[in-house]
Amino acid sequence: MLLIKNGRVMDPASNTDAALDVLLDVEKIKEVAPAGKIVVAAGTEVFDAAGLIVAPGFIDIHAHLREPGQESSETIETGTKAAARGGFTAVCCMPNTKPVNDNASVTRFILDRAKVTGSVRVWPIGAASVGSKGEAIAEIAAMKEAGIVAVSDDGKPIATAKLARQVMDYCRSLDLPVIEHAEDVSLAAGAVMREGVTSTRLGLRGMPAAAESVCVARDVQLSELTGARLHIAHLSAKASLEQVRWAKSRGLRVTCEVTPHHFTLIDEDVTYDSRFKMNPPLAAREDRNALLEGLADGTVDAIATDHAPHEPALKDVEFDRAPFGILGFATALPLALEQLVRSGQLSLMRMVELFTQGPARVLGMERRIAPGQPADLTIFSPDREWTYDVNDSPSKSRNSPFDGRKFKGAAVATIVAGRVAYRAS
Ligand SMILES: [Zn+2]
């Protein structure tokens with residue numbers, strides 16, 4: 001048993017913001033009561049959360065853990081350790097491993113590795129198509145049985161409207177969300193950043209915002225046709241957000257996520273430094289401003305990191321040749337506090353919702369601080385000051401444009417199934 005006392009409990013699911021103590025059993029929350037009211041047996045472990053916020057366990061709905069197959073960039077062990085340090089109690093891992101997670105045996109391998117080496121919960125996402133090649137539909141039902149929580153061909157879009165329709169039809173009957181990496185590959189071909197004044201100035205090939213929004217429009221239409229749950233990954237463009245807003249106003253089951261780098265940086269920040277290369281690329285200022293609005297007004301359902309580790313030998317090359325993607329776990333919460341809360345865009349409660357109840361709802365789950373719920377908690381300080389040194393990261397990779405940045409706010413403890421998975425020293 002573990003007693004979390006003297007904390008400020010913030011639970012968006014019940015709109016609770018109060019001084020409460022929380023008693024955890026091994027797996028579940030046992031009791032929640034006003035500060036000082038819970039009586040525990042002598043010897044019960046106590047965590048003093050004075051001055052800290054106690055939130056439901058953060059869920060990252062979009063990450064790449066690289067195992068199996070690319071263990072020189074990340075493993076389930078190193079990735080989940082980094083996730084715990086960032087305050088995440090559960091991580092959804094994308095299927096673009098080697099081999100691709102397109103069948104139940106790979107799904108089971110990931111879950112087995114997570115059980116043995118993982119610091120936090122790992123929820124695999126299965127591929128939509130065999131090998132994510134966009135030709136034949138993957139063994140989705142068998143993967144669901146094995147434990148996937150969603151399907152996606154992330155890294156690329158589901159190749160054709162016909163296949164996307166088939167996948168959605170199938171996933172609707174299985175009640176699984178389809179997570180789309182929205183990109184029209186013909187518009188994005190060869191591009192390494194967003195098309196605009198900056199790409200022209202740098203002489204780098206750019207893709208227009210429409211490379212994303214054209215695909216979002218396609219999938220929203222298909223969600224309406226099939227009734228499937230559609231979730232747009234790493235949404236970056238204003239026009240895409242407008243599609244999602246329209247879909248929600250029609251009552252369609254469409255949700256979306258935004259990454260911290262897309263609500264923090266814009267294309268004007270891009271230099272020839274490959275740490276600024278990600279897909280979708282950093283967008284225009286007006287896109288970023290639209291994302292801030294969407295995060296505030298409820299159009300955006302979740303903050304997701306798209307944690308995409310690449311070992312230095314792969315990433316530290318010319319911008320054109322470098323793979324897309326940056327690390328995400330360590331900087332998500334501090335960037336959200338800085339860019340969303342302290343800037344006055346969002347309440348702290350809404351920010352917590354975007355890390356907890358929001359992604360849970362996308363997955364058809366619940367995340368709240370109440371008896372009987374999983375004993376997963378994220379305890380954080382909104383004002384602890386620190387400087388990000390990427391060399392300190394438990395991740396095997398170092399590709400972050402935020403290295404060296406001074407932050408205010410950090411996870412102080414990450415509790416998974418009643419166990420302390422990370423505790424700041
Ligand atoms: Zn993606």
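A search of the whole structure, a predicted model, finds 3 cavities of 30 Å³ or more. Rolling a probe the size of a water molecule over the atoms shows where empty space is left. The largest cavity holds about 60 Å³ of space. Its lining is formed by Arg194, Met207, Pro208, Ala209, Glu212, Ser236, Ala237, Pro280 and Pro281. By class, this lining has 6 nonpolar residues, 1 polar residue and 2 charged residues.

The second largest cavity has a volume of about 40 Å³. Pro260, His261, Thr305, Ile326, Leu327, Gly328, Thr331, Ala332, Leu335 and Phe402 form its lining. Two elements, helix H9 (260-264) and H12, each give two or more residues to this lining. The lining of the second largest cavity divides into 6 nonpolar and 4 polar residues, with no charged residues.

Helix H12 (residues 332-341) also packs against another helix. Two packed helices are described by the angle between their axes and the distance between the axes. The partner of H12 is helix H13 (residues 348-355), and the two axes come within 10 Å. They cross at roughly 145 degrees, and the crossing is right-handed. On the H12 side, the contact is made by Ala332, Leu333, Ala336, Leu337 and Val341. On the H13 side, Leu348, Met351 and Phe355 take part. This contact has 8 nonpolar residues, with no polar and no charged ones. Ala332 of H12 belongs to this contact and also lines the second largest cavity.

The strands were examined next. An open sheet of 8 strands runs in the order S6-S7-S8-S9-S10-S13-S14-S15, and the pairing is parallel. Strand S6 (58-63) and strand S15 (302-303) are the edge strands, each pairing on one side only. Within the sheet, strand S9 (residues 150-152) pairs with strand S10 (residues 178-180) in the parallel sense, over 2 bridges. Here Ser152 stands opposite Ile179 in S10. Helix H8 (residues 238-249) packs on the sheet. This helix touches strand S13 (230-232) and strand S14 (254-258). The direction of H8 makes about 145 degrees with that of S14.

Some backbone features deserve a separate note. Most residues other than glycine have a negative phi, and most peptide bonds are trans. Two cis bonds can be described here. One joins Glu67 and Pro68, with omega about 10 degrees. Pro68 is found in the loop between S6 and helix H1 (76-85); S6 is an edge strand of the sheet. The peptide bond from Asn279 to Pro280 is also cis, and its omega is near 0 degrees. Pro280 is found in the loop between H9 and helix H10 (285-297). Pro280 is also one of the residues that line the largest cavity. Asn15 has a positive phi, near 50 degrees, although it is not glycine. Asn15 has its place in the loop between strand S1 (2-11) and strand S2 (16-24).

Technical notes:
Residues numbered from 1 in each chain as written. Predicted model: local features only at pLDDT ≥ 70, side-chain atom pairs only at ≥ 80, totals over all residues. Heavy atoms only, no water. Axes fitted to C-alpha atoms, helices over the stretch in contact; angles between N-to-C directions. Helix = DSSP H or I, 4+ residues; strand = E, 2+ residues; numbered from the N terminus. Left-handed = near helix turned anticlockwise from the far one by under 90°. Contact = heavy atoms within 4.5 Å. Nonpolar A, V, L, I, M, F, W, Y, C, P; charged D, E, K, R; others polar. 1 Å grid on protein atoms, 1.4 Å probe; cavity = no way out; pocket = protein on both sides within 12 Å on 5 of 7 lines; lining within 4 Å. Points joined across faces, edges and corners; volume = space filled by probe spheres on them. Pairing = 2+ DSSP bridges.
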